[in-house]
Amino acid sequence: MTPGAGLDIARSRCFSLLSHVDHGKSTLADRILELCGAVDARSMREQFLDSMDLERERGITIKAQNVRLTWRDFVLHLIDTPGHVDFGYEVSRSLAACEGAVLLVDASQGIEAQTLANCYAALEADLTIVAVLNKIDLPQAEPDRRADEIERVLGIPAPDVLRISAKTGQGVPELLDAVVDRIPAPTGDPDAPLQGLLFDSYYDPYRGVVSSVRVFNGTLTTGARLRYLQAGATHEAEEVGVRTPDPTPVAALGPGEVGYLIAGIKDVGEARVGETVTGAAHPGAPLAGYRDPKPMVFCGLYPVVGDEYADLRDALEKLRLNDSSFTYEPETSGALGFGFRCGFLGLLHMEIIRERLEREYDLSLVATSPNVEYRAVRVDGAVEMVDNPSAMPPPSELETIEEPYVTVTILTPTDYVGPLMDLAQARRGEQTKLEYLAEDRVELVYALPLAEIVVDFFDQLKSRTRGYASLDYEPAGYRPADLVKVEVLLNGVPVDAFSTIVHRQEAQDYARRMTVRLRELIPRQLFDVPIQAAVGGRIIARETVKAKRKDVLAKCYGGDVTRKRKLLERQKEGKRRMKQIGRVEVPQEAFVAALRLDES
Amino acid sequence: MPSSTDAGRRDLGVYVHIPFCAIRCDYCDFATWTDRGGLVDAYVDACVTDLRGRVAAGELTPASSVFFGGGTPSLLAPDALVRILDEIPRRAAAEVTVECNPDSVDGPKLRAYARAGVNRCSFGVQSMQPHVLAALGRTHDPANVTRAVAAARDAGIENLNLDLIYGAHGESRADWDATLEAALALDPPHVSAYALTVEPPTPLGRRVAAGTSPGPDDDDQAAKYERADEVLGGSGRPWYEVSNWARPGHECRHHLLYWAQGDYVGIGCAAHAHRPGVRSWNVRAPERYLERIAAGRSPEAGRETLDPATRADEALGLALRTRAGASVPAAAAAEAAALEAAGLLAGRAERVALTRRGRLLATEVTVRLLAAATPTVSTSVAVGTR
């Protein structure tokens, strides 16, 4: 069948693979591509799945990918989705490009939090779900029990649940037949005005932005003038093609087809996920569901060495060509110098960006503790969004502070319900649901402040349940809370990098921890230096760096003169690099060390 | 061969390095060896050859001071030391010092030194408390110090120094007081007191790095320094350099050269030399020194030439260690005033000297003055703003 030319829409299927981490999605994708004769599995992996080093190392998918396959006399468009809660919006756009989804569940582990989240997302997108139990070749597989669980929890009849082994290939042809039989064919009018959904974009240094596109109505033709409705820009379709998975240019893509689009765009911010492309001459209506990416977690990123500031700025600019979902703006810190306040979709996203900056751009960075974006309601009723704790107005000017909440869904074996309830309670969680999905499996739902899960909630969850519990979350609005800004003062001068916003009950703990740590890291000065932590001007913790009493070389004779002079020259240079916080001189390394400790 | 025509000439010191010791102290990182006894005669010959060559080349005008350091110069048999000393042209009133281990000197040896022209002895006493000596890896009996000092006086050498070290592990304040008291009981005109310093490539340094031995405590050493200054200064021996106290007129002339950027020649391995603007040093190992001299080559291993700005910085750092103090560059006047207000400097007009507290912080004070004297674009950032 010639791609893109006269495709019979009734013989097209668009679907994605949904699964919890490690339930075998990549292996199944390998088998499907083999069965459809697309490529050998190895080169396919390089081209199709997990294309970034980081993705492969972490076993997660960050970018959506797609491939066009032939099964019997049908054309299958397989769309891979990002596999992490940070990318929920991206997942929703990938699903919007499909009519159905294969929901993969490990036959021994059963339903996990991400399975639930994926299933709900697919149902929300009106997709037909083909449920599949994988790894039935393993001795610990309990397919009957897991099929019952799927019926009870997800409402999919147990007899409809397919059983496969992606590893051996058993049941995979039947699965592809079920995709063809159960998932509806796309609908759409090839003569209507063009409506194409962009569900992924990446930056290629040679071609510019390459977008993944699903055509709903009309025809996307090479050379056509296109209107990007959200960006409000017009571009020419330089190349339209399909991935088999080798990129193959085609003359046009019609309704029910998925492919790629290159339109001479230099910045992925101009071709965002969720964008609608249409014809410039006869524009169609925008597709529903577009959202501007909204950062949830923020931190300051600073070069460890001050003169790498320009390099960091260049690296951020380049990285943003490829990922328009993080934000950055310059900021200045008394302790850390010049850097950027950056916003991310979530913690993982933050780690990925930071790791890419360090790895791909050879930078050494220090990050301030991650924080969320607060709503500061002033006494006069004015509302201010605050993404940097040091910018929080003083308590006297504030009516209240509101913080973002998330709905957290946890699936756990029954044994760990107690420890998890303790954890959630310690993080100010409010339980909204506790349901036995099976006699040994519980679903817990909590309303939790996002700030409470950004630091180490996931690690804690894993360590308290020996890795058995799973987690998913979604934003749930803002709520007022008894929050305070803790300031750290060095000799009476606030050190911005250590300002934080915490619940009043945690203020004392943070204050004590940070003052002790700084006392250990700040070198002794010529005078006693008080290190204080304060809430609204009231000191709640104090340590003192005692004045330095001795700094002198005992001996200075013939052979010592050169050594002494070099020492003095080094210290003189060091003095110039010192951060001056009021009268106190602190090497930047001390601040960096304090923040690094905070991460561990 | 003392000369008597030295009036009005620039001072010149000769340092002779004797790199041999009976045992090595745990804290010592000097160029010294305990297993090179077989080299001693050849080494003395090489020093003699080196000196003759320099005299012949006109490099060695009559010296105002000679200093035998080590190592343990007093391990040398009297005739060996005499052979070297005889080759050094000296002025009539030249100061000639030998560093002595109290264990390795006796009456006959010291009398022979005195006959050859030695007129000053510096004894490595370190401590008068046996357990502190043991902690330093020293073996001598404090009673040997008393005997050695008496033997020196017997030999007519009145100009004596006692070297002390404070801050060893296990040395209490009372131990230090006792050492100071016992040292003063010997009535030395000159006392040096050094804070024990941990040098990485020493047994002590390795123990501290490995965490098996605690390093000296700054506050403890500061308290002991203040105590030493009180006791020694109060005994009529005011400080004249950070770690040196002497009765007026008994300051070590050779060492004063170092702090005044004076000229000195280095003989032997690892010896350093200075001529205006040029610092140089000899090869470190005795074998290399012997090879160079035998081959008729210079023993110099390296040198650096200092530009005027660096020399000025160096002069400030050295002079500040002395009681005479240093003149402050105009650009650093405000910093000097701040340091004076902080009680670290004292002085009038542009000439300042360190106070007792300032001496303990000499490095910090010097760095501040140097940084202030060399203005640069500030990299500091305003605080509390975004």
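# Reading the terms of a predicted model

User: How do you know which face of α10(A) its buried residues line?

Analyst: The buried residues of this helix (residues 417–426) are V417(A), L420(A), L423(A) and A424(A). Helices here are DSSP runs (H or I, at least four residues; strands are E, at least two), numbered from the N terminus. Seen down the axis of α10(A), the buried residues fall within an arc of 125° and therefore line one face of the helix; the arc is taken over the directions from the helix axis to the C-beta atoms. On the other side, Q425(A) and A426(A) are exposed. Among the elements covering the buried residues of α10(A) are β24 (398–413), β26 (441–449) and α12 (457–464) of chain A.

User: Why is R72(A) called exposed?

Analyst: Its relative accessibility is 55%, so R72(A) counts as exposed. The cut-offs are under 20% relative accessible area for buried, over 50% for exposed, and partly exposed in between (1.4 Å probe, protein chains only). R72(A) lies in the loop between β2 (65–71) and β3 (74–80) of chain A, and has a positive phi of about 55° although it is not a glycine.

User: What accessibility class does N491(A) fall into, and what value places it there?

Analyst: N491(A) counts as partly exposed because its relative accessibility is 24%. N491(A) is in the loop between β28 (483–490) and β29 (493–494) of chain A, and its phi, near 50°, is positive in a residue other than glycine.

User: Which residues have the most contacts inside the largest nonpolar core?

Analyst: They are L490(A), F498(A), I84(B) and F123(B), in a core of 143 residues. Helix α1 (residues 40–56) of chain B gives the most to this core, with 7 residues. The set counts as a core because a nonpolar core joins buried Ala, Val, Leu, Ile, Met, Phe, Trp, Tyr and Cys residues through side-chain atoms within 4.5 Å. Beyond four places away in sequence, F498(A) touches residues including V486(A), Y510(A), M514(A) and F591(A); contact means heavy atoms within 4.5 Å.

User: What makes R563(A) and E199(B) a salt bridge?

Analyst: Their side chains meet at 3.4 Å, N to O. The pair qualifies because a salt bridge is a side-chain nitrogen of Lys or Arg within 4 Å of a carboxyl oxygen of Asp or Glu. Between chain A and chain B the count is 11 salt bridges. α14(A) gives the most to the side of chain A that touches chain B, with 14 residues.

User: How many residues are in contact between chain A and chain B, and what area is buried between chain A and chain B?

Analyst: Contacts link 44 residues of chain A with 52 residues of chain B. The buried area is about 4300 Å², of which carbon and sulfur atoms give 55%; this is the accessible area (1.4 Å probe) that two parts lose on being put together, summed over both.

Notes. Residues numbered from 1 in each chain as written. Chains lettered and ligands numbered in written order. Predicted model: local features only at pLDDT ≥ 70, side-chain atom pairs only at ≥ 80, totals over all residues. Heavy atoms only, no water.
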